[in-house]
Amino acid sequence: MVAALLRSQMSVPESIAKGLAIYLMMAIGLKGGVEMSKNPLTMDIMLVLLAGIVLSFLIPLLAFIALRLTTKLDRIDAAATAAHYGSISIVTFVAATEAVRLSGLDSGGHLVAVAALMETPAIITALFLASRGGARREPVAGSEQGELVREVFLNASIVVLVGALAIGWIAGEEGTASVQPFFVDLFQGVLCLFLLDMGLSAGRGLRQGWRQLSVPTVGFGIYMPLISAGIAAAIAGLLGMPAGDAALLITLTASASYIAVPAAMRLALPEAKPSIYLTLSLGVTFPFNVTIGIPIYIYLALLVAGQG
Amino acid sequence: MTKHLRIELIVERMAHKRACRDLETAGLTGYTVLPAMAGFGGSKRWNRDTDLSASGDMVVIISVGDEEKVRSAMTEIGDLLGAHIGIVTVSEVEVLRPGRF
């Protein structure tokens, strides 16, 4: 990130970065599926899945109110930005999974399913918030029926994540043993390489878009993940989730999307300014979460699980 | 050589399918979509490398046709650019094989 802020020419080629993203999502999906295959689908797990969906629907509402009260963003920009904070960042989730593992905590594979489920409800809330400003929104010129639904439900991250999760769940540990060297042993190295690219992207995004962000908007990028984390921690406590699972649910709720939601927003709310929502989620919230947020979320999880 | 109009549209990648549909609906017989590497607009520089979602990428769409078809496409594309990021230009060009357009 520092290299990008200092205008270094260093970059990971675009197609390699996209390949790394697919690898990470596939690896995390397979791992989650294998973990899920070891245990039956209990009511506790179903409640966590439901909690994820409810959080993704509700967080944009809070984010929207916070943005409208503390910043000068109009309804459309605030709704589009709020969608990013209700959805999730899969890279932050992957980094948190590693942090949880290194902290000596166990986490269930079903949290990968929670991640997939939390990607899209926020978009629906944001569209509702954006449309309340006036009469029914006219369809965007040239839009085709089903175009947004395809983008929202069949984007690359959901297809790869859910697909790999299903394969891991069906095949189990034995069935996936032959791909273990590729998807497990190489995982940390690839994650490092991908985080390097993410750092560069975040730094460049921040350098190119910082003029569009006011101080209250940047503040939102820092305090909103903490508010979301607090709410998720309370729900994790109510559900009696173990510390590892709670840490991941908190991280998912606190993270902000910068892959699936920006693409959906360009289709559904093209009037919203990407220089605001993308700079905020990628340039401010992502680095905050990866460096400072995740340790806080693990600590919160330990507290609610009674291990703090 | 026959004179035709060349329409050049620089538009955000996420809207390019909508723009292409407009060109097809107007009856234009072909178009080409090219990726854009980097640029400046709206007081902001942008670069393909910055955005992993590629939602901020821009593309260039080029098409050539007779005046009636290009003007018809321009109306629809004008509506599209009411919401999406982009610019459109039309210029007069000479073509070797007019029957193809």
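The largest nonpolar core of this predicted model has 126 residues. Those with the most contacts inside the core are A:A79, A:A115, A:A246, A:A247, A:L249, A:I250 and A:A301. Helix α15(A) supplies the largest share of this core, 15 residues. In soluble globular proteins, nonpolar side chains tend to be buried together.

One of the residues with the most contacts in the core, A:A115, touches A:I88, A:I90, A:F93, A:L161 and A:L252, leaving aside residues up to four places away in sequence.

Helix α7(A), residues 121-131, is largely enclosed by the rest of the structure, because eight of its eleven residues are buried. The buried residues are A:P121, A:A122, A:I123, A:T125, A:A126, A:L127, A:L129 and A:A130. They pack against α3 (43-70), α4 (75-86), α6 (110-118), α8 (147-153) and α14 of chain A.

| Helix pair | Angle between axes | Distance between axes | Crossing |
|---|---|---|---|
| α2(A) (residues 14-38) and α9(A) (residues 156-175) | about 35° | 6 Å | right-handed |
| α12(A) (residues 215-239) and α13(A) (residues 243-254) | about 145° | 8 Å | right-handed |

For α12(A) and α13(A), the crossing is right-handed, and the contact can be given residue by residue. From α12(A) come A:P225, A:S228, A:A229, A:I231, A:A232, A:A233 and A:A236, and these meet A:A246, A:L249, A:I250, A:T253 and A:A254 of α13(A). By class, the contact of α12(A) with α13(A) has ten nonpolar, two polar and no charged residues. Among the α13(A) residues that meet α12(A) are A:A246, A:L249 and A:I250, which are also among the residues with the most contacts inside the largest nonpolar core.

For the other pair, α2(A) passes α9(A) in a right-handed crossing. The residues of this contact divide into 14 nonpolar, eight polar and two charged.

The last topic is the contact between the chains. Here 26 residues of chain A are in contact with 26 residues of chain B. On the side of chain A that touches chain B, two or more residues are given by each of α2, α11 (187-209), α14 (260-268) and α15 (274-304) of chain A. Helix α11(A) gives the largest share of that side, five residues. By class, the side of chain A that touches chain B has twelve nonpolar, eight polar and six charged residues.

Key
Residues are numbered from 1 along each chain as its sequence is written. Chains are lettered from A and ligands numbered from 1 in the order in which they are written. This is a predicted model: local features need pLDDT of at least 70, side-chain atom pairs count only at pLDDT 80 or more; totals for chains, interfaces and linings use all residues. Axes are lines fitted to C-alpha atoms, for helices over the stretch in contact, and angles run from 0 to 180 degrees between N-to-C directions. Helices (H or I, at least four residues) and strands (E, at least two) are DSSP runs, numbered from the N terminus. A crossing is left-handed if the near helix is turned anticlockwise from the far one by less than a right angle, and right-handed if clockwise. Ala, Val, Leu, Ile, Met, Phe, Trp, Tyr, Cys and Pro count as nonpolar, Asp, Glu, Lys and Arg as charged, and the others, Gly among them, as polar. Two residues are in contact if their C-beta atoms, placed from the backbone, lie within 7 Å. A nonpolar core is a set of buried Ala, Val, Leu, Ile, Met, Phe, Trp, Tyr and Cys residues joined through C-beta atoms within 7 Å. A residue is buried if 20 or more other C-beta atoms lie within 10 Å of its own, exposed if 12 or fewer, and partly exposed in between; C-beta atoms are placed from the backbone.
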